[in-house]
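Good morning, and thank you for joining this group meeting.

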Amino acid sequence: MKAFVVAKYGKDGARAAEVPEPTVGDRDVLVRVSAASVNPLDKMVRNGEFKLLLKYKLPFVLGHDVAGVVTRVGSAVRGFAVGDEVYARPRDLRIGSFAEFIAIDMDDVAPKPASLTLREAAAVPLVALAAWQVLVDRAHVRPGQKVLIHAGAGGLGSTVIQLAKHLGATVATTANTDTEKLVRSLGADIVVDYTREDFSKVLSGYDLVLDSLGGANLEKSLTVLKPGGLAISVVGPPDAGFAKQLGAPSFMGLIMNTLSRKVRKQAKALGVRYEFFFMRANGSQLRELGALYDSGQLRPVIDSTFPFDRTLEAMAHVEQGRTKAGKVVVSMAPDHDND
């Protein structure tokens, strides 16, 4: 089958290739890929940023989001049948949605939300799971709390705004002039135009900040939290919890803590907390999220769609910051929108 693989770690490490169709284990669902979507995580994995913790065997197929049709099920699979339309974020070490077929553990798969097309559904799993796991599992966001979401027009930000609003939070976000209308339509109560204002000068008393930019942005984010507030970053620096989540040896936890020592020290001095976040596959949460999409509480935001044979161009589009808002989708269907 055709696929896009990481042949070597680095910026030029991904290429088109012919690879064998996946083997289907007892617990696996074989999915014919209808669409996939591009995430910043694809670039990070391609570049080998997590290679000490995620030990992929080169070459491996890239791609963390998928929507498609079940073509075969393993002998132990229950709840899925050939012909079902599904979506998933396959678990780490079993990614590979930039391909014609992918075998996914049944625990990672969920029925596609009925209200979404396959292309729309492909834009959802990773960012929706990340939003749920940050807001519900980690931060336990409750009605009336104040949440700041950076880069609100992005694939992750646009999803987190909607879910935070659904949970009853007061939502602030950073965006530019061109995307202010969009983020307000998604539920943002306060929009700080980062091209004109410094968010740390105008916001204060927040319960949670979700940072997707890192560096100075993360450090400034600590200052807008109320005492005991939590800053969560999806770009790092990583901490010991990340190593533990991936089942890494304890010495890796010490290394991760060293990497995040500076920001954790800054947080402690301000009386706030810092955590690194790395989402995990979860089919049952995707079922819950699917219901929110079908009820109209959530909607996907899509920037552009590329045909499958231009997957590397789609990745470059994201990597070069050319995305205006939302996700970039890769579609197997011949009728596609040009970027």
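**Strands and rings**

Let us start with a right-handed β-α-β unit, which is made by strand 12, helix 7 (residues 215–222) and strand 13. Right-handed is used in this sense: with the strands pointing away from the viewer, the path from the first strand over the helix to the second runs clockwise. Helices (H or I, at least four residues) and strands (E, at least two) are DSSP runs, numbered from the N terminus.

Please note that this is a predicted model, in which local features need pLDDT of at least 70 and side-chain atom pairs count only at pLDDT 80 or more, while totals for chains, interfaces and linings use all residues. Residues are numbered from 1 along each chain as its sequence is written, and side-chain values use heavy atoms, with hydrogens and water left out.

How do the strands of this unit pair? Strand 12 (residues 206–211) runs parallel to strand 13 (residues 225–233), with five bridges between them; two strands count as paired if DSSP finds at least two bridges. Here Asp 211 stands opposite Ser 233 of strand 13. Strand 13 also pairs in the parallel sense with strand 14 (residues 273–276), over four bridges. Leu 230 has Arg 273 of strand 14 as its bridge partner.

I turn now to the aromatic rings. How many aromatic pairs does a search of the whole structure find? It finds seven. Rings of Phe, Tyr and Trp (its six-membered ring) pair if their centres lie within 6.5 Å; planes under 30 degrees apart count as stacked, over 60 as edge-to-face and the rest as tilted.

One of these pairs, Phe 50 with Phe 278, is edge-to-face, at 5.3 Å centre to centre and 70 degrees between the planes. Phe 50 lies in the loop between helix 1 (40–46) and strand 4 (60–61), and Phe 278 in the loop between strand 14 and helix 11 (283–294), so the pair ties together parts that are 228 residues apart in sequence.

Phe 278 also forms a tilted pair with Phe 242, at 5.0 Å and 50 degrees. Because Phe 242 belongs to helix 8 (residues 240–245) and Phe 278 to the loop between strand 14 and helix 11, this pair joins parts 36 residues apart in sequence.

Finally, ring pairs link Phe 50, Phe 242, Phe 276 and Phe 278 into a cluster.
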